Amino acid sequence: MDKVKIGVVGAGFIGQVHLEILSTFPDVQIVGVVDVEKGRAKAVAERFSAKVYDSLKQMREAGVEAVYITSPNRTHFDYAMQALELGFNVFCEKPMTISLKDAMELERKVKEKSVVFQVGHNRRFAYVYKFMKQKIEEGLVKPLSFQIKMNRGELLNPPWTSDRNYTGGFLFESTIHLFDMVRWLFGEIEEMYVLGKKSVYPDIDDWAIAMRLKNGLIGTFTSCAHASWMIPFERVEVYGEHNMLMNEEMEKVHFCKGLGKEVESHDFMKVDFKEKWGYVEENRLFIDCVKEKKTPPVTVCDGVAVIRIIDACYKAVESGNAHVRMEG
């Protein structure tokens with residue numbers, strides 16, 4: 001069996017999650033690890049029988065054909081551009097970039113190259129959201145409106161989490177996944193009314209957004225960065241005609257089938273998080289796309305679209321013009 005030779009840039013938590021999954025695939029060979037912290041790079045490389053490299057170029061010379069970019073947010077753009085120039089297939093963790101300008105430049109570069117470029121929006125493959133998507137596509141729930149919340153308990157750990165220069169801003173952290181869910185579950189946004197303020201941290205840490213989609217759906221999106229991890233801190237509620245879908249983070253999902261009817265519930269609490277959060281499937285699909293030279297399930301265009309929404313939110317609050325009409 002020909003194995004896809006993989007390298008990873010960034011050996012922190014999420015990089016190791018991907019490596020753990022990739023190490024179980026019989027058609028993958030983990031070749032190299034790049035990380036600015038050499039001690040961590042060495043330890044992780046030894047764990048997965050790989051080598052430590054100093055650069056993407058060295059990994060390319062060693063025969064690596066696909067690279068995972070799992071380094072801090074602000075480094076994604078530079079590493080991705082380097083990887084594309086070197087001809088790698090790329091899996092780039094979210095956020096793809098921390099600015100719309102960089103996202104659009106990266107999109108242009110991807111289109112120049114005949115490689116696979118996948119963005120790490122794992123929620124699309126999480127059990128609870130796949131269940132919602134299935135019920136919507138089957139017509140069992142026809143969404144009319146929705147509510148979404150994505151809270152964070154604090155911006156204290158790691159200590160750079162509240163530094164917008166490092167992360168791009170609070171909305172580029174976990175919250176970005178739920179903006180992607182808006183597009184994936186419901187459709188494209190036409191207009192928003194955006195409110196935000198700095199309550200506890202130097203970054204804008206409280207958000208309240210009203211949305212109207214191009215298909216006529218309306219919804220609300222709220223996010224708070226100082227909520228003390230009270231659960232459920234992630235929830236999507238979908239309202240149809242006397243029926244409803246709702247999740248409790250990625251642990252449980254509920255389907256109310258109608259007035260006076262039963263509620264169907266699924267509990268995934270005992271399932272390993274790598275599986276139920278969608279990491280296993282997104283990795284499997286990326287490797288398959290590399291082997292078959294297919295378009296990945298989350299494209300660079302998807303990456304640009306969600307960053308465009310976040311960019312519009314920050315501009316709305318910083319300009320004082322809360323009403324936003326989205327382009328296109």
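Reader: What radius of gyration does the protein chain have, and what would a compact globule have?

Author: The protein chain has 20 Å, which agrees with the value near 20 Å for a compact globule of 328 residues. That radius is taken over C-alpha atoms, and the globule rule is 2.2 Å times the number of residues to the power 0.38.

Reader: Ground rules, please.

Author: This is a predicted model: local features need pLDDT of at least 70, side-chain atom pairs count only at pLDDT 80 or more, and totals for chains, interfaces and linings use all residues. Residues are numbered from 1 along each chain as its sequence is written, and side-chain values use heavy atoms, with hydrogens and water left out.

Reader: What box do the C-alpha atoms fill?

Author: Roughly 60 × 45 × 40 Å, taken along the principal axes.

Reader: How many helices and strands?

Author: The protein chain has 11 helices and 15 strands. Both are DSSP runs numbered from the N terminus: helices are H or I with at least four residues, strands are E with at least two.

Reader: What share of the residues is buried?

Author: Buried residues make up 55% of the 328. Buried means under 20% relative accessible area, exposed over 50%, partly exposed in between, with a 1.4 Å probe and protein chains only.

Reader: And the contacts, how far apart in sequence?

Author: Among contacts with a separation of 6 or more, 69% join residues 24 or more positions apart. Contact means heavy atoms within 4.5 Å.

Reader: On to the core. Which residues touch the most other members of the largest one?

Author: Met96, Phe117, Tyr129, Phe179, Phe186, Met192 and Met211, out of 80 residues in that nonpolar core. Such a core is a set of buried Ala, Val, Leu, Ile, Met, Phe, Trp, Tyr and Cys residues joined through side-chain atoms within 4.5 Å.

Reader: Which helix gives the largest share?

Author: Helix α11, residues 300-319, with 10 residues. Apart from this core lies another, of 27 residues, among them Ile21, Ile30, Ala41 and Val290.

Reader: Where is methionine 96?

Author: Methionine 96 is in the loop between β5 (89-93) and α5 (100-112). Its relative accessible area is 1%, so it is buried. Beyond four places in sequence, its contacts include Phe117, Val300, Gly303, Val304 and Ile307.

Reader: And what does phenylalanine 117 touch?

Author: Not counting residues up to four places away, phenylalanine 117 touches Met96, Leu106, Pro296 and Val298, among others.

Reader: Back to α11. Is alanine 312 buried or exposed?

Author: Alanine 312, which sits in helix α11, counts as buried because its relative accessibility is 12%.

Reader: Now α6. Which residues there are buried?

Author: In helix α6 (residues 127-137), Val128, Tyr129, Phe131, Met132, Lys133, Lys135 and Ile136 are buried. Their cover includes α8 (175-186), β11 (234-239), β12 (244-248), β13 (252-256) and β14 (263-267).

Reader: What comes just after α6?

Author: Glycine 139, which takes a positive phi of about 80°.

Reader: Last one. Why is histidine 18 called buried?

Author: Because its relative accessible area is 0%. Histidine 18 belongs to helix α1 (residues 13-22). It touches Tyr68, Thr70, Phe91, Glu93, Tyr279, Glu282 and Asn283, leaving out residues up to four places away in sequence.
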